[in-house]
Amino acid sequence: MEQYIIKGGVPLHGEVEIGGAKNAALGILAAAIMTDDEVLIENLPDVRDVNVMLEAMSQIGVKVERLTPHSVMLCGANIGDVNIEYEYIKKIRASYYLLGALLGKYKKAEVPLPGGCNIGSRPIDLHLKGFKALGAKVSIRNGSICAHAEHLKGCHLFLDTVSVGATINIMMAAAMAEGRTVIENCAKEPHVVDVANFLNSMGANIKGAGTDVIRIVGVEKLHMTEYSIIPDQIEAGTFMFAAACTGGDVLVKNVIPKHLEATISKLLEIGCRVEEFDTEVRVIAPKRLSCANVKTLPYPGYPTDMQPQIGVALSMAEGTSIVTESIFENRFKYLDELARMGATSKVEGNTAIITGTDKLTGARISAPDLRAGAALVIAGLSAEGVTTIDDIVYIQRGYECFDEKLRGLGAKIECISSQREARKFMLMTG
Ligand code: EPZ
């Protein structure tokens, strides 16, 4: 089992290049099978979730040709099966995007019902409500969602909760439905816009993505395209907080600063200096971070996927902060791990009260999920002494070469798989 071992206390300095957005990639890969033509996707992040998604697609007959680690040619002309295996949905919930894509293209799909996950219960009732509104018959049989329709017909739909997944899934199915669909109370996240832009580049007619009303006129056929995925704003934000927490100065390259507004605003509030350029942001940390209150919200609010990272920063800040998690109910598990490093916090319902300490100290901890895991790496980089992090497979689901990129900024971190490697690391880092 791989672990990260970190010798903390080194301020991060230098430049880091951000990859393509994982969550946009997952929607775009699914949408790519909606045409029989070849589709070229570039700026693809080479992370575990993306690779599992490609395996799931290849299992139903999609031709997957990985041209480079960051580009793939796909062809959905010979799909022989509309059933996705449980093995894949178990590993990666977002394979449910194949439901919307297959239903739109073939008017039928079968995908195992995803279970709960580490960050909360994560229902998919809204996705199903949307498919039903488009005229599909949806039933749950033997643990799978079975959706089929003679014809999908455009509809007017209001989403009760703002949901990224439901917005993308319904948008995909509606792109090949007959007539006009209006989806209200949509998610506005940059990856929703990216999937809409991608579908439009294949000939779909989708307007309004990025606002709360998306209007779609269905088309019969989609065609070939070449498309480059947007940069990952969560990967970018994670490195920005790594700079802030370690007292560093880092230039984060290949980003869209507009997508980072909520993160930048909180970094300023906790005392960092942030310089924005066309496709780069530089974060310069203060001597000591200040406390702040934060509440996660759908975009353009402060992202839930950046909640653990700011939580780690606040655990070292001067004063007491209140963090409210309003999207997922189970996203504070990292605070128990952080307590092992000397942080002080109290969780009541969806609120955490975090009292800053001058110094975290290294400990053996585990990554509870993807973003929490990345945040704990930041804690390890900021702490005095050595931190070992277990269950880093979660982190590898969404961060490409995380340890390598951090080493490029001067961090002392290694991915190890034996005690011998741990001893070697200790010897090298003194
Ligand atoms: C996406 O998940 C992301 N995943 C998550 O990223 C991210 O945390 C989340 O959006 C919020 O931004 C992907 O894009 C693959 P939602 P998703 O539907 O689509 C409720 C990461 O770390 N809801 O926007 O599953 C739900 O319970 C991951 O990269 C329903 O009630 O999230 C939640 O409270 C983790 N019914 C809220 O909506 C539904 O049918 C928002 O969830 C669907 C959602």
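## Domain arrangement

In this predicted model, 31 Å separate the centres of domain 1 and domain 2, taken over C-alpha atoms. Domain 1 is made up of two stretches of the chain, 3–19 and 231–429, whereas domain 2 covers 22–219. The contact between them draws on 26 residues from domain 1 and 21 residues from domain 2.

## Nonpolar cores

The largest nonpolar core contains 82 residues, and among its members L29, I41 and L199 touch the most others. Once residues up to four places away in sequence are set aside, L29 touches I41, L44, V50, M53, L54, M57, V72 and L74.

Four strands, in the order 21-22-1-23, make up an open sheet with mixed pairing. Strand 21 (364–366) and strand 23 (412–416) are the edge strands, and each has a single partner strand, so one side of each is left without a neighbour in the sheet. On average, neighbouring strands of this sheet are turned by 20° against each other, with direction ignored. Strand 1 (residues 3–7) and strand 23 run antiparallel and are joined by five bridges; I6 stands opposite I413 in strand 23.

Two helices that pack on the sheet can be described together. Helix 12 (residues 370–382) touches strand 1, strand 21, strand 22 (386–390) and strand 23, and its direction makes about 30° with that of strand 1. Helix 15 (residues 419–429) also packs on the sheet, where it touches strand 1, strand 22 and strand 23, and its direction makes about 165° with that of strand 23.

## Helix 4 and its surroundings

Helix 4 (residues 97–106) is mostly covered, with nine of its 10 residues buried. The buried residues are Y97, L98, L99, G100, A101, L102, L103, G104 and K105. These buried residues pack against helix 1 (22–32), helix 2 (48–59), helix 5 (125–133) and helix 6 (164–175), and also against strand 6 (108–112) and strand 8 (144–148).

An α-helix has 3.6 residues a turn, so residues three or four places apart point the same way.

## R340 in its loop

R340 lies in the loop between helix 11 (334–339) and strand 19 (344–348), and at 52% relative accessibility R340 counts as exposed because the cut-off for that class is over 50%. Leaving aside neighbours within four places in sequence, R340 is in contact with A363, R364 and I365. A polar atom of the side chain of R340 lies 3.0 Å from the backbone oxygen of R364. From C-alpha to C-alpha, R340 is 21 Å from C415, and the two are 75 residues apart in sequence.

## Backbone exceptions

Most residues other than glycine have a negative phi, and most peptide bonds are trans. K107, which follows helix 4 and lies in the loop between helix 4 and strand 6, has a positive phi near 65°. N185, placed in the loop between strand 10 (180–184) and helix 7 (190–201), likewise has a positive phi, near 60°.

The peptide bond that joins Y299 and P300 is cis, with omega about 10°. P300 is found in the loop between strand 17 (294–295) and helix 10 (307–314).

Methods
Residues are numbered from 1 along each chain as its sequence is written. This is a predicted model: local features need pLDDT of at least 70, side-chain atom pairs count only at pLDDT 80 or more; totals for chains, interfaces and linings use all residues. Side-chain values use heavy atoms; hydrogens and water are left out. A nonpolar core is a set of buried Ala, Val, Leu, Ile, Met, Phe, Trp, Tyr and Cys residues joined through side-chain atoms within 4.5 Å. Buried means under 20% relative accessible area, exposed over 50%, partly exposed in between (1.4 Å probe, protein chains only). Contact means heavy atoms within 4.5 Å. Two strands pair if DSSP finds at least two bridges between them. Axes are lines fitted to C-alpha atoms, for helices over the stretch in contact, and angles run from 0 to 180 degrees between N-to-C directions. A polar contact is a pair of N or O atoms within 3.5 Å; within protein, one must be able to donate a hydrogen and the other to accept it, and residues adjacent in sequence count only if both atoms are side-chain atoms. Domain bounds come from an automatic or database domain assignment.
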